[in-house]
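Please read them with the sequence and the model at hand.

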Amino acid sequence: MSSADPSAREFIVPVHAEDVTITRRVVQGDVVRVSVVTSEHEQLIDEPVFHDRAEIEHVPVNRPVDAVPEMRQEGDVTIIPVVEEIIVTQRRLVLKEEIHIRRVRVEDRHREQVTLRRQQALITRSPPGGPIPEHSQTSTTEGD
(Lines give C-alpha, C1' and ligand atoms only; values in the text may rest on other atoms or scores of the structure.)
Protein backbone atom coordinates (compact mmCIF):
# COMPACT_ATOMS: atom_id res chain seq x y z
CA MET A 1 0.00 0.00 0.00
CA SER A 2 1.22 3.31 -0.93
CA SER A 3 0.73 6.40 1.11
CA ALA A 4 -0.07 8.26 -2.10
CA ASP A 5 -3.27 6.25 -2.67
CA PRO A 6 -6.16 7.98 -0.87
CA SER A 7 -8.34 4.89 -0.88
CA ALA A 8 -5.75 2.93 0.86
CA ARG A 9 -6.37 2.31 4.49
CA GLU A 10 -3.93 1.50 7.06
CA PHE A 11 -4.60 -1.37 9.42
CA ILE A 12 -2.97 -1.64 12.78
CA VAL A 13 -2.46 -5.20 13.88
CA PRO A 14 -1.77 -5.57 17.58
CA VAL A 15 1.06 -8.02 18.41
CA HIS A 16 0.93 -9.84 21.72
CA ALA A 17 3.80 -11.43 23.59
CA GLU A 18 3.65 -13.76 26.53
CA ASP A 19 6.12 -13.59 29.37
CA VAL A 20 6.80 -16.13 32.10
CA THR A 21 7.71 -15.26 35.67
CA ILE A 22 8.96 -18.02 37.94
CA THR A 23 8.69 -17.69 41.68
CA ARG A 24 9.27 -20.10 44.51
CA ARG A 25 7.44 -20.50 47.74
CA VAL A 26 7.85 -22.83 50.72
CA VAL A 27 5.08 -25.39 51.10
CA GLN A 28 4.77 -27.52 54.20
CA GLY A 29 5.29 -31.22 53.43
CA ASP A 30 4.93 -34.32 55.58
CA VAL A 31 6.07 -34.08 59.18
CA VAL A 32 8.52 -36.82 60.09
CA ARG A 33 9.45 -37.59 63.69
CA VAL A 34 12.39 -39.89 64.49
CA SER A 35 13.11 -40.94 68.03
CA VAL A 36 15.56 -43.52 69.34
CA VAL A 37 14.46 -45.89 72.09
CA THR A 38 17.04 -47.92 74.01
CA SER A 39 16.02 -51.16 75.63
CA GLU A 40 18.02 -53.48 77.86
CA HIS A 41 17.97 -57.23 78.25
CA GLU A 42 19.93 -59.62 80.42
CA GLN A 43 22.13 -62.31 78.88
CA LEU A 44 24.01 -65.04 80.72
CA ILE A 45 27.67 -65.52 79.82
CA ASP A 46 28.99 -69.02 80.49
CA GLU A 47 32.54 -69.46 79.17
CA PRO A 48 35.46 -71.62 80.29
CA VAL A 49 38.34 -69.77 81.94
CA PHE A 50 41.76 -71.42 82.21
CA HIS A 51 44.60 -70.78 84.63
CA ASP A 52 47.72 -72.69 85.65
CA ARG A 53 48.65 -73.71 89.15
CA ALA A 54 51.76 -75.47 90.43
CA GLU A 55 51.68 -78.80 92.23
CA ILE A 56 54.80 -79.23 94.33
CA GLU A 57 55.96 -82.66 95.46
CA HIS A 58 59.01 -83.37 97.62
CA VAL A 59 60.60 -86.67 96.52
CA PRO A 60 63.13 -88.07 99.04
CA VAL A 61 66.25 -89.44 97.33
CA ASN A 62 69.05 -89.66 99.99
CA ARG A 63 71.68 -90.83 97.51
CA PRO A 64 75.35 -89.71 97.60
CA VAL A 65 76.49 -87.67 94.58
CA ASP A 66 79.86 -86.32 93.45
CA ALA A 67 78.60 -82.92 92.21
CA VAL A 68 75.47 -80.85 92.47
CA PRO A 69 73.04 -82.18 89.81
CA GLU A 70 71.68 -79.72 87.23
CA MET A 71 68.09 -78.64 87.27
CA ARG A 72 66.25 -80.61 84.56
CA GLN A 73 62.94 -80.95 82.74
CA GLU A 74 61.16 -84.31 82.32
CA GLY A 75 58.01 -83.83 80.25
CA ASP A 76 55.87 -81.25 82.01
CA VAL A 77 57.81 -81.68 85.31
CA THR A 78 60.69 -79.40 86.32
CA ILE A 79 63.08 -81.14 88.75
CA ILE A 80 65.18 -79.00 91.10
CA PRO A 81 67.82 -80.95 93.05
CA VAL A 82 68.36 -80.06 96.73
CA VAL A 83 71.71 -81.12 98.21
CA GLU A 84 73.08 -81.16 101.71
CA GLU A 85 76.63 -81.40 102.86
CA ILE A 86 77.14 -83.80 105.68
CA ILE A 87 80.32 -84.52 107.58
CA VAL A 88 81.56 -88.01 107.72
CA THR A 89 85.13 -89.03 107.89
CA GLN A 90 85.21 -87.64 104.44
CA ARG A 91 83.06 -85.03 102.87
CA ARG A 92 80.44 -86.20 100.34
CA LEU A 93 77.40 -84.74 98.67
CA VAL A 94 74.19 -86.54 99.38
CA LEU A 95 71.21 -85.83 97.13
CA LYS A 96 68.75 -85.06 99.86
CA GLU A 97 65.59 -84.64 97.78
CA GLU A 98 64.22 -83.43 94.47
CA ILE A 99 61.43 -80.97 94.16
CA HIS A 100 59.10 -81.87 91.31
CA ILE A 101 56.99 -78.99 89.99
CA ARG A 102 54.24 -79.91 87.57
CA ARG A 103 52.05 -77.46 85.71
CA VAL A 104 48.43 -78.49 85.86
CA ARG A 105 45.82 -76.80 83.64
CA VAL A 106 42.62 -76.18 85.55
CA GLU A 107 39.33 -75.31 83.88
CA ASP A 108 36.72 -73.33 85.77
CA ARG A 109 33.42 -71.93 84.54
CA HIS A 110 32.88 -68.20 84.66
CA ARG A 111 29.19 -67.28 84.90
CA GLU A 112 28.02 -63.71 84.94
CA GLN A 113 24.78 -61.93 84.13
CA VAL A 114 25.43 -58.93 81.86
CA THR A 115 23.13 -56.19 80.57
CA LEU A 116 23.05 -55.60 76.81
CA ARG A 117 21.43 -52.58 75.16
CA ARG A 118 19.63 -52.36 71.82
CA GLN A 119 18.34 -49.21 70.12
CA GLN A 120 15.34 -48.89 67.83
CA ALA A 121 14.50 -45.89 65.64
CA LEU A 122 10.77 -45.13 65.73
CA ILE A 123 9.69 -43.11 62.68
CA THR A 124 6.27 -41.44 62.41
CA ARG A 125 4.94 -39.53 59.41
CA SER A 126 1.86 -37.30 59.13
CA PRO A 127 0.52 -35.38 56.10
CA PRO A 128 0.94 -31.61 55.91
CA GLY A 129 -1.40 -29.77 58.21
CA GLY A 130 -2.52 -33.01 59.85
CA PRO A 131 -2.13 -33.91 63.51
CA ILE A 132 1.31 -35.12 64.62
CA PRO A 133 0.81 -38.63 65.97
CA GLU A 134 2.51 -39.79 69.14
CA HIS A 135 4.87 -42.52 67.92
CA SER A 136 2.57 -44.67 65.81
CA GLN A 137 5.38 -46.86 64.56
CA THR A 138 5.52 -46.96 60.77
CA SER A 139 9.11 -48.06 60.29
CA THR A 140 11.65 -49.58 62.65
CA THR A 141 15.40 -49.76 62.22
CA GLU A 142 17.33 -51.88 64.69
CA GLY A 143 21.02 -51.55 65.50
CA ASP A 144 22.92 -54.08 67.63
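1. A residue counts as buried under 20% relative accessible area, as exposed over 50%, and as partly exposed in between (1.4 Å probe, protein chains only). By that rule Glu84 is partly exposed, with a relative accessible area of 36%.

2. The model is predicted: local features need pLDDT of at least 70, side-chain atom pairs count only at pLDDT 80 or more, and totals for chains, interfaces and linings use all residues. Residues are numbered from 1 along each chain as its sequence is written, and side-chain values use heavy atoms, with hydrogens and water left out.

3. Helices (H or I, at least four residues) and strands (E, at least two) are DSSP runs, numbered from the N terminus. Two strands pair if DSSP finds at least two bridges between them. Strand 1 (residues 31-65) and strand 4 (residues 91-126) run antiparallel and are joined by 33 bridges. Gln43 has Val114, in strand 4, as its bridge partner.

4. Strand 4 is also joined to strand 3 (residues 77-87), by 11 bridges, and this pair runs antiparallel. Strands 3 and 4 form a hairpin, with 3 residues between them. Within this pairing, Pro81 has Glu98 of strand 4 as its bridge partner.

5. Side chains of opposite charge can pair when their charged atoms come close. A salt bridge here is a side-chain nitrogen of Lys or Arg within 4 Å of a carboxyl oxygen of Asp or Glu. How many salt bridges does a search of the whole structure find? The search finds 11.

6. Arg109 and Asp46 meet through their side chains in a salt bridge of 3.1 Å, N to O. The two are 63 residues apart, with Arg109 in strand 4 and Asp46 in strand 1. Arg109 is partly exposed at 47% relative accessible area, and Asp46 is partly exposed at 29%. A network of salt bridges links Asp46, Glu107, Arg109 and Arg111.

7. Lys96 forms a salt bridge with Glu84, the residue of point 1; their closest N and O atoms are 3.7 Å apart. Lys96 is in strand 4 and Glu84 in strand 3, 12 residues apart. Lys96 is partly exposed, with a relative accessible area of 37%.
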